Amino acid sequence: QVQLVESGGGLVQPGESLRLSCAASGIIFSINDMGWFRQAPGKQRELVAAITSGGSTNYADSVKGRFIISRDNAKNTMYLQMNSLKPEDTAVYYCFSNNRATYWGQGTQVTVSS
C-alpha cells in the first residue's frame, strides 16, 4: 500500500520559514519523480516544485529564489524548504510521487499571516 505523509505545516508570520516533509512508503522512492502542489481556497491546484529521480528541479515562478525542494533517497523522504513566506503562500500543500502511477498525500496546511 502506497502512503505519502506530509508534515511540517503550520501558522507563521510573513518573512518566516517552514520546512515541509513528505515521507513515502510502498513505492521504490529513488525511481520516482516527486513534487509539491498547493491549493488555496477558491483557486486551482498549482505546481509549486518538482524534483526528478535524477535530482533535477523546477519551480513555479512565484516561489523561485524562496523555496528549495530536495530529497533523501536513504530516508524515502522529500522536503520543501520555504523561506521568506508571504500571505499568498497560504494553501494546503500536497506531495505527489510519479513513476508508472501518480500518488498523493493527504495535504498539510500552511498559513502565512500576521
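**Figure 1. Asn 76 in the loop between β7 and β8.** Asn 76 is found in the loop that lies between β7 and β8; strands are DSSP runs (E, at least two residues) numbered from the N terminus. The model is predicted: local features need pLDDT of at least 70, side-chain atom pairs count only at pLDDT 80 or more, and totals for chains, interfaces and linings use all residues. Residues are numbered from 1 along each chain as its sequence is written, and side-chain values use heavy atoms, with hydrogens and water left out. Although Asn 76 is not a glycine, its phi is positive, at about 50 degrees. Most residues other than glycine have a negative phi. With a relative accessible area of 27%, Asn 76 is partly exposed; the term covers values between buried (under 20%) and exposed (over 50%), computed with a 1.4 Å probe on protein chains only.

**Figure 2. Ser 84 in the loop between β8 and β9.** The loop between β8 and β9 holds Ser 84. Ser 84 is not a glycine, yet its phi is positive, at about 50 degrees. The residue is partly exposed, with a relative accessible area of 41%.

**Figure 3. The open sheet of β1, β3, β8 and β7.** Four strands form an open sheet in the order β1-β3-β8-β7, with antiparallel pairing; two strands pair if DSSP finds at least two bridges between them. β1 (3–7) and β7 (67–72) stand at the edges with a single partner strand each, so one side of each is left without a neighbour in the sheet. From one strand to the next, the twist averages 15 degrees, an angle between N-to-C directions of axes fitted to C-alpha atoms, on a scale from 0 to 180 degrees. Six bridges join β7 to β8 (residues 77–82) in the antiparallel sense. Ile 69 has Leu 80 in β8 as its bridge partner.

Figure 4. Strand β7 contains Arg 71. This residue is buried yet has no salt bridge, and the nearest side chain of opposite charge, Asp 33, is 5.3 Å away. A salt bridge requires a side-chain nitrogen of Lys or Arg within 4 Å of a carboxyl oxygen of Asp or Glu; Lys and Arg count as positive and Asp and Glu as negative, while His and the chain ends are not counted. A polar atom of the Arg 71 side chain lies 2.8 Å from the backbone oxygen of Asn 32. The side chains of Arg 71 and Asn 73 are joined by a polar contact of 3.0 Å, that is, a pair of N or O atoms within 3.5 Å in which, within protein, one must be able to donate a hydrogen and the other to accept it; residues adjacent in sequence count only if both atoms are side-chain atoms.

Figure 5. Five of the seven residues of β4 are buried. β4 and β9 run antiparallel and are joined by seven bridges, with Trp 36 opposite Cys 95 in β9. β4 also pairs with β5 in the antiparallel sense, over five bridges; Phe 37 has Leu 47 in β5 as its bridge partner. The β4 and β5 hairpin has six residues between its strands, and Gly 42 in the turn has a positive phi of about 75 degrees.

**Figure 6. The largest nonpolar core.** The largest nonpolar core holds 27 residues, of which Trp 36, Val 48, Phe 67, Met 78, Leu 80, Met 82 and Tyr 93 touch the most other members. Such a core is a set of buried Ala, Val, Leu, Ile, Met, Phe, Trp, Tyr and Cys residues joined through side-chain atoms within 4.5 Å. β3 gives the most to this core, with four residues.
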